[in-house]
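Subject: Structure handover and notes

Dear colleague,

I am passing on the structure below, with my notes after it. Please read them alongside the coordinates.

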Amino acid sequence: NVRTVVLLGDDDIRSQVRASLKSERNVDIVAEFCALQPRHLGSIDEMNPDLVILDCSSRRINPLLAMSDLAKTASRPQVVAVLAEGGIVDFKAIAG
């Protein structure tokens, strides 16, 4: 059972998350975005991912607005927040 994943955030954080998930056989990263605009929300809704991994330290994405916008989509994916503290990615589940 493969879980589809969308990554939202800055390049460096997406790269760390991608590397962390590389060895997971049941994970398929279907898209990556460095911003969250209405067109991105439409794409995410069409892809109907199981999970969105959200970089909460992104300079381009307000995580509170992003979570609110994602909750309004028809697909309503599970959201996991990623915080970069001291250069280390820390995964914290915040919605599900």
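**Strand pairing and crossover**

V6 stands opposite A31 in strand β2. The two strands concerned, β1 (residues 3–8) and β2 (residues 27–33), pair in the parallel sense over six bridges, where pairing requires that DSSP finds at least two bridges between the strands. Between them the chain passes through helix α1 (residues 11–21), and this β-α-β crossover is right-handed, that is, with the strands pointing away from the viewer, the path from the first strand over the helix to the second runs clockwise.

This is a predicted model, in which local features need pLDDT of at least 70 and side-chain atom pairs count only at pLDDT 80 or more, while totals for chains, interfaces and linings use all residues. Residues are numbered from 1 along each chain as its sequence is written, and side-chain values use heavy atoms, with hydrogens and water left out.

**Overall layout**

The chain holds three helices and five strands, in the order β-α-β-α-β-α-β-β along the sequence; these elements are DSSP runs, with helices (H or I) of at least four residues and strands (E) of at least two, numbered from the N terminus. Of the 96 residues in the chain, 38% are buried, meaning under 20% relative accessible area, as against exposed at over 50% and partly exposed in between (1.4 Å probe, protein chains only).

**Cores**

The largest nonpolar core has 13 residues, and V6, L8, I44 and L70 have the most contacts inside it; such a core is a set of buried Ala, Val, Leu, Ile, Met, Phe, Trp, Tyr and Cys residues joined through side-chain atoms within 4.5 Å. At least two of its residues come from each of β1, β2, α2 (38–47), β3 (51–55) and α3 (63–71). Leaving aside residues up to four places away in sequence, I44 touches V6, L8, F33, L36, P49, V52, L70 and S75, a contact being heavy atoms within 4.5 Å. Another core, of nine residues, lies apart from this one and includes I13, V17, I53 and V82.

**Loops and cysteines**

N48, in the loop between α2 and β3, has a phi near 50°, a positive value in a residue other than glycine, and is partly exposed at 45% relative accessibility. R76, in the loop between α3 and β4 (78–85), likewise has a positive phi, near 40°, and is exposed, with a relative accessible area of 56%. The disulfide count is zero, taking a disulfide as a pair of cysteine sulfur atoms within 2.5 Å.

Best regards
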